[in-house]
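Here is a short report on one protein model. Look at the sequence and the structure first, then read on.

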Amino acid sequence: MKDNINFKLSLETVENLETFSQILNKDVNIILNEALEQYFDNEQQKLLEKNMDDENALTNLDFNEFWDDIEI
């Protein structure tokens, strides 16, 4: 795993980081880590919901569809 990743931030984002760092009295790195953790949690939740929707689409039969070909 890489220890360093190079990336670019817009000037507006950098200014917001500096502003919120001062307002919240938090280090910029802490703000970035918290923001990324929240992003990853949100994306994971979206993926889980999508997977559940996909599974439901495969198994979502109404009563008549389910019992149509079954003889008792």
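## Salt bridges

The count comes to two salt bridges. A salt bridge here is a side-chain nitrogen of Lys or Arg within 4 Å of a carboxyl oxygen of Asp or Glu. Side chains of opposite charge can pair when their charged atoms come close.

Glu34 is partly exposed, at 38% relative accessibility. Lys26 is partly exposed too, at 28%. The cut-offs are these: buried is under 20% relative accessible area, exposed is over 50%, and partly exposed lies in between (1.4 Å probe, protein chains only).

Another salt bridge links Lys46 and Glu43, at 3.2 Å from N to O. Both residues sit in helix α2, three residues apart, or about one turn of the helix. Glu43 is partly exposed, at 27% relative accessibility.

## How the model is read

The model is predicted: local features need pLDDT of at least 70, side-chain atom pairs count only at pLDDT 80 or more, and totals for chains, interfaces and linings use all residues. Residues are numbered from 1 along each chain as its sequence is written, and side-chain values use heavy atoms, with hydrogens and water left out.

## The loop and helix α1

Asn25 lies in the loop between α1 (11-24) and α2 (28-59). Helices are DSSP runs (H or I, at least four residues), numbered from the N terminus. Asn25 has a positive phi of about 55 degrees, although it is not a glycine. Asn25 counts as exposed because its relative accessibility is 71%.

Ser21 belongs to helix α1. Is Ser21 buried or exposed? Ser21 is buried, at 16% relative accessibility. Leaving out residues up to four places away in sequence, Ser21 touches Lys26, Asp27, Val28 and Ile31. Contact means heavy atoms within 4.5 Å.

Technical notes. Helix = DSSP H or I, 4+ residues; strand = E, 2+ residues; numbered from the N terminus.
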